[in-house]
Amino acid sequence: MNDTMLGRFYRRAAGLGLLGTLGAVYVALIGIVERFEPRNIVTGYLTLGLLTAALVVFVTAYRATEPPHSWGIGPPPRQHVLGAGVLAAVIGAAGVALFLVLNRALPLDAVLVNANDRMSEILGLGLEFPAGALALLGAGLAFGVAAGGLRLLAPRFRGPLIAAVVAVMLVSLMEPFMRVVLLQLGQNAISGFFYQSGGLTVPGAIIVAGAVLAIGLANSLRGEAVRERVAEMPADQRRGIQIALFVVGIVFLLVLPQLIGSFLSEVVGTVGLYILMGLGLNIVVGYAGLLDLGYVAFFAIGAYATAILTSPVSVLGWGLSFWVAIPIVMLIAALSGLIIGAPVLRLRGDYLAIVTLGIGEIVRILLLSDALRPWTGGAQGILQVPPPEFADIDFFQPQNLYYPILAFVVLGAFVAISLANSRVGRAWNAMREDEDVAAATGINITNYKLLAFSLGAVFGCIAGAFLAVKLGSIFPHNLNLLVSITVLSLIILGGMGSIPGVIVGAFVLVGLPELLREFAEYRLLIYGAVLIVMMLWRPEGLIPSAQRKRELREHEDDEDQWAHQTGVPTAMPAVERPGP
Amino acid sequence: MRLRLPERLSFVDLILWGLRVAIVVFVLVGSYATLSQGVLGFDGWRTLLIVGVAQGSIYALIALGYTLVYGVLFMINFAHGEVFMAGVFTAFFAATALADSGILNGNPLFGLAIIFAVSMVTSMVVAVILERVAYRPLRRAPRLVPLITAIGASLFLQYTFRSLYGSGVRSYPTIEILTGTFDIAGVPIQKTQVVVIVSAILLMVGLYFFVQRTRTGRAMRAVSEDKDVAAMMGINVDRVISTTFAIGGLLAGAAGILYVFLFNSVSFSMGFLPGIKAFTAAVLGGIGNIVGAMLGGLFLGVLESIGPFLFLDGLGVPSTNQLRDVVAFTLLVLVLIFRPYGILGRKE
Amino acid sequence: MPAGLTDGVEQATMTDAAADEVEPTRGAIMVVRSLTKRFGGLVANRNVDFDIPQRSIVSLIGPNGAGKTTFFNQLTGMLQPTEGEIEFNGVSIVGLGPHQIVELGVGRTFQNIRLFSDMTAMANVMVGRHSRMKSQWYEAILHLPRVREEEEATRQRARELLDLVGLARRYEDESAKNLPYGDQRRLEIARALASDPKLLLLDEPTAGMNPGETGRMTEFIGQLRRDLGISILLIEHDMKVVMGVSDRITVLDYGEKIAEGLPEEIRTNPQVIEAYLGKQAHA
Amino acid sequence: MQKQLRWTAIFAVMLLALAACTNTGGTSQSASGSAAASTSASADTGDDPEAVCAADEFGCVEVADGDPIVLGTALVITTADADLGQDSQYGAHVAGDLRNEEGGVRGHMIEWDDQDDQCSAEGGTTAARALVADPQIAAVIGTSCSGAGVPAAQITSEAGVTMVSPSNTAPSLTDPATHEPFYARTAHNDKVQGAAMAQFACEELGVTRAATVHDGSPYAEQLQQVFADEFVAQCGGTITGQEAVAPTDTDFRTLLTTIAAGDPELIYYPIFTAGGALMTQQARETAGLEDVELAGADGMQSQTFLTTAGAAGDGVYTSGPDLAFENELYQDVFLPAYYELCGCDATLSVFHAHAFDAANIVLDAIDEVALEGDDGTLYIPRTALRDAVFATSDYEGVTGTLTCDENGDCADPKISVSLIGNGAYERIWPED
């Protein structure tokens, strides 16, 4: 390892250190440090606010210890790995300390709302000025050594260690969920032992970390052997395990609402609505490749159609039962999908995105407008939407409304999977890759786009119908663009075209903010970040469908980039170049 | 041999034709009904026209950012509305500081110069960072990927500035020299409106000559023709794209200050709707065409201020002003369906 | 030639009408009358008359930029002619979309291979068979037995075609983009054959191939006509291939048809030589 | 993939079967629909807590000895209207703090569980569910926005949790046909405020032609409709136009020009601060509206309106709750505690006093109906608590003398009109 390589390695570490500072200061200035402070991770010792800033510095330091791709000749010697980690972490911490000095000197909080003393106090580890800065440098040193040490650990140990730390954070964040569940099960003692004022107690944290560490070590040491044994197990025995797992899964899903009480059932119900919409948009964006930013239009049409059909005080006043209204709403959905889809489906990419966004806004404004007030109730919305009736079950209770939502989610997943594996699914795949060639192999592009659009509309409208029934009243104000972007974010996070991806995406992006109120304020900031990071780091999503993984894994097979390039771009309609 | 008449007029064509006829009939009948009622006098319509032209020139300025970026990347920078917001929201603090210290009204030209500078530089920096972090790594990715990043960037910037500067709506201090009206040919026009229209035209002419006459301008046009060939001609494509974003940012920053002259309200979410409308203007004029962006902007501004009342009031539609965005978005949908290449573009 | 081809692959099922004997009969499968295509000022094709007799192999040659691919794209519906008429089996196809023309029985390949690169080789061929399948989207949702049978039949037919074009069995589930260049060419032909075309349009099938592969491809084209009884229209630059396999050759230059006839006549035709080799060749 | 399909199919069948026979007993709350208010049964069973609680349809809140009495709040503390909710929250907390200084209620300290109603139906539902799920919550102060109030009232009433709103003004919430039994409010009904401004316009300003503008919010749309109806009914005026804007709009010149064409003498735009300030500025610049009176409602009564509207704000009339409470409880006791709690020097919005009164009414009711168990546990029967709140009459609150009717309207309908002059709201009507 000659000097220039070493020089470059350390320069890169310094750069990452600065990035760490910028990240930590950014997290502080947008108020996350201050807002998350009250939530304890380990009560008395570690709070979420401080943890987020520290995590940014630690991650950049850990990144600094990793040799760049082009390194090639094996890992750098041990002392340099540690050196790079320490350099990055110390620079990061020093930068934060410098910012604290700056914040004391200049009246930053006149401009930046969150640059107040409370934030400085937290970042300064609660100590007065000079001591705080020194403490920060010390913490930086410690982080550097930890980052370097972690890098030098054999992967067998590193994996479980990281898993243990992440587990402690997750179990602590799940406190509101776990506390209610344990309360419901009458296990106050356990809840008292593990949790205290919003975070894990020290013994609780140690137990969780220890357990995960043990499982991790066991897995990495003898995991291979276990997996082989399972593999050579005779088919029917393996099938037995599968059935057992499946039954356990069903029972859990059916018992869940009784387990978690009415508030969490409400949250799970909302997540269910977004899964339904995710499944619908997944067909439009994931399968057919049509970027639709106006998906809220169908959500709104479904909600209003149901409200008008079932509410006794609506313009029709028919007061139909929910189960009679649903098929009518699905018909209206398919029709609106065709009418909205037909004129716009010849557009591609950016143009289709912006047109659908426009249509979404048109629908929202019309529903809100005085012009349509006789039919849609204008700003007053539509009230008294009765819950569905079935064998005198009170479906206004979230625990009971959970079951019909679950039924439609399962039905939706079944339809989506069936279509994906059929002739229709293949046609959509082909269309998404190269529309002109798909036409040349006999696929009627317009019809298949309309099919995807209408199916998406039906899913959206059913979700809208359940929204109307869940709230008991419908107002136009929250049926706006942010709903479309939320649904888009959850299928991007989960993985475009992947059904399990939609479900995971919905729980993370819709469930979490409902549970943790601190996140609620940063929900949209996080969605924006998710869209950017996912596209840069893992475009195929967390749980990619096999098809999508091949498609978006560009940089692996670099050599055929050129082949990919020569293909005729399917991008824009032929347009005139700028300039006369 | 199965002889099947090829279906000429498919289902989609039917709907498109129906749409064309419906729109034309609707506009004619609506306008006739409103004009025949004669509620709004001549000078009423003139005021609406002036307001429309002033608003339209702001859309045009922002639209230039879309057109420039589209020219080199063939991608719509969804976050351009936020670049516009970033500049003018940051310059608010400069303006209040200048007003408190009495410089703004004491020496207005100098004060205004500083405010413009702060807004334009901030927007430029945000635009360049945005391109470097979010768009450059994805230049070779499939079509959908950079588009989704742009939507993410738009949200991220919006809510970052909300957390940084607070969620409240603020307003700039009043600038004495800009209050009151000019009398042009006997017609009293707000000073702010005149300043906005004149500055917009100057900036656009400046940009036009920059792109046509200067070396960087030529490089930008080369990159927009073909990135790979331009690279072989020794043009540093990355730097040219970065410059394009920078220029788009500068123009958006200037447009921000002009916007505040007309509507004195600043908030983290002020950029999104004007951004979408500016995109409509860019497409209306012929995406990628600078003169087109100006024409598109003016047309949209006027249509948005005159349209709702002209088309709907005669038909007895209540609160027509509430439907102004419906008119703007309907125009966007119609343009993209029937004439995606815009007024000045040619169908190839 | 891959084994699969020679030892008696059973006669491909002719989906439509008369299964007449091997020799080309009179009566054209496709007739083109005074076809003109203008892009603004540029005239790519100027009233070209052209016909493809049943079960014949016709080649279309001409220098680069002569308007061959533009002509090709109009036959397959990718472009609409400015003037002129195109009839396929007596039916006018002007104004039809590409998918309708495929349904009538015209299959095609592309000059620079355009496969569905991230779909498997098998999936590519199954998509090729799309226009011949009947199962609707609601039948797929209801999982009717008919759907499963059709899928199985399609998979079986696709496997036959992959064997026909000599694609090794191990490539079946491989992504199209990972196949070697020659095999990608064959896959594209297999995909075109999947819609049981009566007329196959090949756009420079031997481009970028070494002499060995070119020879095999030429032999394969001849054998396609013999075994499957389909007509073939060929755009090709390699004179050896053109001369070797064509029943008739048509020459385009600057968008106009300057010569048409048997391979021998075209080889010695002064106008053709001049078009290809330019004026000084004569001196 | 085929295997995955079979599992989902089997699962769907099992699910439908089970959904059919779900027993309703699973939930702790009684499954009956919106329970009609059953009269409190505590009278005849004397003060034996177990019997009273058993007789009460929704049971009791049991507060062990030494534990605090927990009240919930469901107010808008995020989104653009955060000032409105935060202001009410401080008002309620001040009431709790004052009680705690005197040793709390029956020796139990008062604590709060603050939820966010996000000023939307979804937010109101989530907040109400969260509070109802916690059996320790005795009563709720909320919601801020009427849109959130509609679903929240239904959820709290089904669970027998009394909810008193400081700022819901939509008439439908206390309309006999749609009133939820456990819902009351100390904010005035929009019908009152709209009618008051109409009366002021007719009698004081002698205006006969008016135009109205709303911003699409239930609050503003309701107010302008009541104003228009009263203006025509009460003093035979003519409404020259009813228009609407979007809360995000910034260009009002187009709208003002079309309104000017109908030449009204007064424009009533009861919208929120952001739009209101811009509209006021642009109205002063519009040709034809030079001498038109401008009038708004309590949505515009805030410090930010004065600063953003600037000079254009002078001469604008705004209606709102009669804030000139001279009584010393508001000036010397409430305001200092409020400023100390919020760390600010001006009230954020207008409904803090209403929240203060709402909290006090609830705390007094708890004090009245609570029963002491022999082991020191305090039992608060839910239906008795509700009845005590609804029985409030001539309560000397900060917002006036409050009397609750059987539909939950407890506000003292004192509406005043203020004129903006040299940077402040001066109360000018009614004179008394």
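How many salt bridges does the rule find across the interface of chain C and chain A? There are 3 of them. Before going further, keep in mind that this is a predicted model.

One salt bridge joins the side chains of Arg426(A) and Glu151(C), with 3.1 Å from N to O. On the chain C side, α3 (98–104), α4 (121–128) and α5 (137–142) each bring at least two residues to the part that touches chain A. The largest share comes from α4(C), with 4 residues. Sorted by class, the residues of chain C that touch chain A come out as 13 nonpolar, 10 polar and 7 charged.

Now for the area. Chain C and chain A bury about 2,900 Å² between them, and 61% of that lies on carbon and sulfur atoms. Within chain C, the residues that lose the most area to chain A are Arg114(C), Asp118(C) and His130(C), which together make up 24% of what that side buries.

| Interface | Residues in contact | Buried area | Share on carbon and sulfur atoms |
|---|---|---|---|
| Chain C and chain A | 30 residues of chain C, 33 residues of chain A | about 2,900 Å² | 61% |
| Chain A and chain B | 68 residues of chain A, 67 residues of chain B | about 6,000 Å² | 75% |

What about salt bridges between chain A and chain B? The count there is 0. Polar contacts do turn up, though: the rule finds 6 residue pairs across the interface of chain A and chain B, both partners at pLDDT 80 or more. Several helices of chain A each supply at least two residues to the side that touches chain B, among them α1 (3–29), α13 (322–344), α14 (349–368) and α19 (445–471). Of the side of chain A that touches chain B, α14(A) gives the largest share, 14 residues. By class, this side of chain A has 49 nonpolar, 10 polar and 9 charged residues.

Back to chain C, this time taken as a whole. It has 11 helices and 10 strands. Of its 283 residues, 55% are buried. Among contacts in chain C with a separation of 6 or more, 69% are between residues 24 or more positions apart. Chain C exposes about 11,800 Å², with carbon and sulfur atoms supplying 54% of it.

Two single residues round out the tour. Arg162(B) sits in helix α6 (residues 144–165) of chain B. Is Arg162(B) buried or exposed? It counts as buried because its relative accessibility is 12%, and the cut-off for buried is under 20%. Leaving out residues up to four places away in sequence, Arg162(B) touches Glu521(A), Ser167(B), Phe268(B) and Thr79(D).

The other residue is Ser120(D), found in the loop between β3 (110–116) and α4 (121–133) of chain D. At 4% relative accessibility, Ser120(D) counts as buried too. Its side chain reaches the backbone nitrogen of Gly123(D) at 2.9 Å. With residues up to four places away in sequence set aside, Ser120(D) touches Asn478(A), Gly147(D) and Ala148(D).

Conventions. Residues numbered from 1 in each chain as written. Chains lettered and ligands numbered in written order. Predicted model: local features only at pLDDT ≥ 70, side-chain atom pairs only at ≥ 80, totals over all residues. Heavy atoms only, no water. Contact = heavy atoms within 4.5 Å. Buried area = accessible area lost by both parts, 1.4 Å probe. Salt bridge = Lys/Arg side-chain N within 4 Å of Asp/Glu carboxyl O. Nonpolar A, V, L, I, M, F, W, Y, C, P; charged D, E, K, R; others polar. Buried < 20%, exposed > 50% of the residue type's maximum accessible area, 1.4 Å probe, protein only. Areas by Shrake-Rupley, 256 points an atom, 1.4 Å probe, with all protein chains shown as cover. Polar contact = N/O pair within 3.5 Å; in protein donor to acceptor, adjacent residues only side chain to side chain.
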